[in-house]
Amino acid sequence: MNHFLMGTYRRSRDLLISLLLLFAVPLMAEELQTSPVPDAYVARAIFTSNIVDREPVDQVVSVGEDQESIYFFTDLRNLQGRVVTHRWEFEGEFMGEVKFQVEGPRWRVYSKKTLNPVVVGKWTVLVLDESGWPLHASIFMQGAPAE
C-alpha cells in the first residue's frame, strides 16, 4: 500500500475511533450515576514503602530514583462479598490492576508496584468496586519534578 493511502487509512481509522469514544463516554457516564453499594467506602488509602502485620509502615507522597518498589494500602468498609480493584496508572496510562475478594465488613488489602528508577512522573491508583465505580484515587510522584 502506498504512503498516501496508508496515511488516509490511519486518519480515517483515528477519526472513527474518536467518534466512537465521543459517543461511548456519555453512555458510560449515565450508567455509572450511583454506586451499587452506597455505604461502601475507603477508610484509609496510603502509599507506603512497606507493609508489616497488614499495616503500612509510613506514608509516601513522592519517591526518588533509589526507591525500587512502592505499596498501595487500602482499608475497605462495607464491601464484603464484592471484588475491589487497585488500578495503577502512570501519567494517565493504564499500567496494571490487582483484584481483591473482600471477605468482611472491614478488609485491608495492598498491592505492590516495582518501579523503574529512570521514570519520572505521576502515578495514580484508583480503587474501583466490582461495577467499575471509583471509590477513591491517590497520587504519588516518582523522580524529580519537571522544571
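1. Confidence by element. In this predicted model, helix 1 (residues 3-31) has the lowest mean pLDDT among the elements of the protein chain, at 47. Strand 3 (residues 55-56) has the highest, at 98. Two stretches deserve a look. Over residues 3-13 the pLDDT is below 50, and beyond near neighbours in sequence this stretch has one contact in the model. Residues 15-30 also stay under 50. There, the model has zero contacts beyond four places in sequence.

2. Confidence overall. The mean pLDDT of the protein chain is 82. Of its residues, 73% reach 70 or more.

3. Strand 6 against strand 9. Strand 6 (residues 83-90) and strand 9 (residues 121-128) run antiparallel. Six bridges join them. F90 stands opposite W123 in strand 9. W88 stands opposite V125, also in strand 9.

4. Strand 9 against strand 10. This pairing is antiparallel too, with eight bridges between strand 9 and strand 10 (residues 134-142). V127 has H136 in strand 10 as its bridge partner. The two strands form a hairpin, with five residues between them. In the turn, G132 has a positive phi of about 95 degrees.

5. Burial of strand 9. How many of the eight residues of strand 9 are buried? Seven are, so the strand is largely enclosed by the rest of the structure.

6. The T74 site. T74 is found in strand 5 (residues 69-77). Is T74 buried or exposed? T74 is buried: its relative accessible area is 0%, and the cut-off for buried is under 20%. The T74 side chain makes a polar contact with the side chain of H86, at 3.0 Å. Leaving aside residues up to four places away in sequence, T74 touches V42, R44, A45, H86, W107, R108, V109 and V127. Two of these names link back to the sheet. V127 is the residue whose bridge partner in strand 10 is H136.

Technical notes:
Residues are numbered from 1 along each chain as its sequence is written. This is a predicted model: local features need pLDDT of at least 70, side-chain atom pairs count only at pLDDT 80 or more; totals for chains, interfaces and linings use all residues. Side-chain values use heavy atoms; hydrogens and water are left out. Two strands pair if DSSP finds at least two bridges between them. Helices (H or I, at least four residues) and strands (E, at least two) are DSSP runs, numbered from the N terminus. pLDDT is the predictor's confidence in each residue, from 0 to 100. Contact means heavy atoms within 4.5 Å. Buried means under 20% relative accessible area, exposed over 50%, partly exposed in between (1.4 Å probe, protein chains only). A polar contact is a pair of N or O atoms within 3.5 Å; within protein, one must be able to donate a hydrogen and the other to accept it, and residues adjacent in sequence count only if both atoms are side-chain atoms.
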